[in-house]
There are 2 protein chains.
Amino acid sequence: MALLDLLGRRWLLRVLWELRGESLSFRALRARCDAVSPSVLNARLAELREVGIVTLDPDAGYALTRDGRALLEALAPLQGWAERWARRIG
Amino acid sequence: MALLDLLGRRWLLRVLWELRGESLSFRALRARCDAVSPSVLNARLAELREVGIVTLDPDAGYALTRDGRALLEALAPLQGWAERWARRIG
DNA sequence: CATATCGCTACGAAATCCGTAGCACAAGGG
DNA sequence: CCCTTGTGCTACGGATTTCGTAGCGATATG
C-alpha cells in the first residue's frame, strides 16, 4: 500500500479534508489548516496534483478531482469512528 | 477532526496496516516497515498506546485493541481505491 | 499611481527523522 | 556460572523536513 506512505505526510489528510466541500484558494486553504507554512502547503498540493487527486483552476482555486472525491468517500467511515473515539478519549 | 493530525504522522498508518492480521514483536514490526528507525517506531507505538489503539502484550507483542481493529475497518475502503488508483498512476 | 489579492518562493531556525550502536532483561543450553 | 539468543527500547550525531516570516511577480480595481 504505497498510498499509506503518501497519506502519511504532514498536512496531507488535512488538506484533503478541508477541500471536501468547496474549492478553496491557496490562502483560504492555508487559513483553514492552522496557517501551515506556505512552502509545505505548496509541496503537498504539488504532490496531490501530480497523482491526480487535486486540480487547480485559475479562477475557482484548488479542488478535488473525481478521484479525489472518491478517495474522500473511501475515507468517510473515519468520521464516525473519530467521533466515538473523541468521546472516549476527550 | 483531530484524528487527521494523529494519522498524518510518518509511519503511523503503515504501522496500523502492518498490525492488521497478527500481533508482531517490536523488531518484526520494524522489519515490515522498511527498517524504520527504532526511536520513531517507539514514539509512534507510544502515541498509539496512549490513545488506546494499540496494546503491548509481554508475550504476544504489539497488537490492535478493539478500537484499533474498528479503525482499521473504517480504513478498509481505502484498499479498493488504492488499487484502482495504482493501476491508473503506476 | 495606490491598493489588494492571488499563487508561490526564499531562507534561516526549529523540530523531526534516520542509521547505527548498544543497554538491560529474560530464557535456554552447556 | 557462562554463553548465546531474543526481547523492548534508548543514545546520539547527522540528515531531512517543517516552521515562521518576509516578500516577489502577476492581476484586478479604484
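A: Helices (H or I, at least four residues) and strands (E, at least two) are DSSP runs, numbered from the N terminus. This is a predicted model, in which local features need pLDDT of at least 70 and side-chain atom pairs count only at pLDDT 80 or more, while totals for chains, interfaces and linings use all residues. Residues are numbered from 1 along each chain as its sequence is written, and chains are lettered from A and ligands numbered from 1 in the order in which they are written.

Q: Where along chain A is A:Asp34 found?

A: A:Asp34 is found in the loop that runs between H3 and H4 of chain A, and A:Ala35 lies in the loop between H3 and H4 of chain A as well.

Q: How should I read phi, and what value does it take at A:Asp34?

A: Most residues other than glycine have a negative phi. At A:Asp34 phi is near 50 degrees, a positive value in a residue other than glycine, and A:Ala35, although it is not a glycine, has a positive phi of about 55 degrees. Just after H4(A), a positive phi of about 75 degrees is taken by A:Gly52, and just after H4(B), B:Gly52 takes a positive phi of about 75 degrees.

Q: Is A:Asp34 buried or exposed?

A: A residue is buried if 20 or more other C-beta atoms, placed from the backbone, lie within 10 Å of its own, exposed if 12 or fewer, and partly exposed in between. Because A:Asp34 has 9 other C-beta atoms within 10 Å, this residue is exposed, and A:Ala35, with 9 other C-beta atoms within 10 Å, is exposed too.

Q: How does A:Leu24 count on this scale, and which residues is A:Leu24 in contact with?

A: A:Leu24 has its place in the loop between H2 and H3 of chain A, and because there are 19 C-beta neighbours inside 10 Å, A:Leu24 counts as partly exposed. Two residues are in contact if their C-beta atoms, placed from the backbone, lie within 7 Å. If we leave aside the neighbours within four places in sequence, A:Leu24 is in contact with A:Glu18, A:Leu19, A:Leu29, A:Gly61 and A:Tyr62. A:Gly61 is 37 residues from A:Leu24 along the chain, and yet the C-alpha atoms of these two residues are separated by 5.3 Å.

Q: Which residues of H4(A) are buried, and where do they lie around the axis?

A: In H4(A) the buried residues are A:Leu41, A:Arg44, A:Leu45 and A:Leu48. These residues cover an arc (taken from the directions from the helix axis to the C-beta atoms) of only 100 degrees, which puts them on the same side of H4(A). The other side of H4(A) has A:Ser39, A:Ala46 and A:Glu50, which are exposed.

Q: What do the buried residues of H4(A) pack against?

A: They pack against helix H2 (12–18), helix H3 (26–32), strand E1 (54–57) and strand E2 (61–64) of chain A.

Q: Which residues of H4(B) are buried?

A: The buried residues there are B:Leu41, B:Arg44, B:Leu45 and B:Leu48. Seen down the axis of H4(B), these buried residues fall within an arc of 100 degrees, so they line one face of the helix. On the other side of H4(B) the exposed residues include B:Ser39, B:Ala46 and B:Glu50, whereas the buried residues pack against H2, H3, strand E1 (54–57) and E2 of chain B.

Q: How many residues do chain A and chain B give to their contact?

A: The contact takes 27 residues from chain A and 27 residues from chain B. On the side of chain A that touches chain B, helix H1 (2–7), H2, helix H5 (66–74) and helix H6 (77–89) of chain A each supply at least two residues. H6(A) gives the most to that side, with seven residues.

Q: How many residues surround DNA strand D, and how many surround DNA strand C?

A: A residue is near a strand if its C-beta atom, placed from the backbone, lies within 6 Å of that strand. DNA strand D is surrounded by 17 residues, and the closest are A:Ser37, A:Val40, B:Ser25, B:Phe26 and B:Pro38. At least two residues of the surface near DNA strand D come from each of helix H4 (38–50) of chain A, helix H3 (26–32) of chain B and helix H4 (38–50) of chain B. DNA strand C is surrounded by 18 residues, the closest being A:Ser25, A:Phe26, A:Pro38, B:Ser37 and B:Val40. For the surface near DNA strand C, at least two residues are supplied by each of H3 and H4 of chain A and H4 of chain B.
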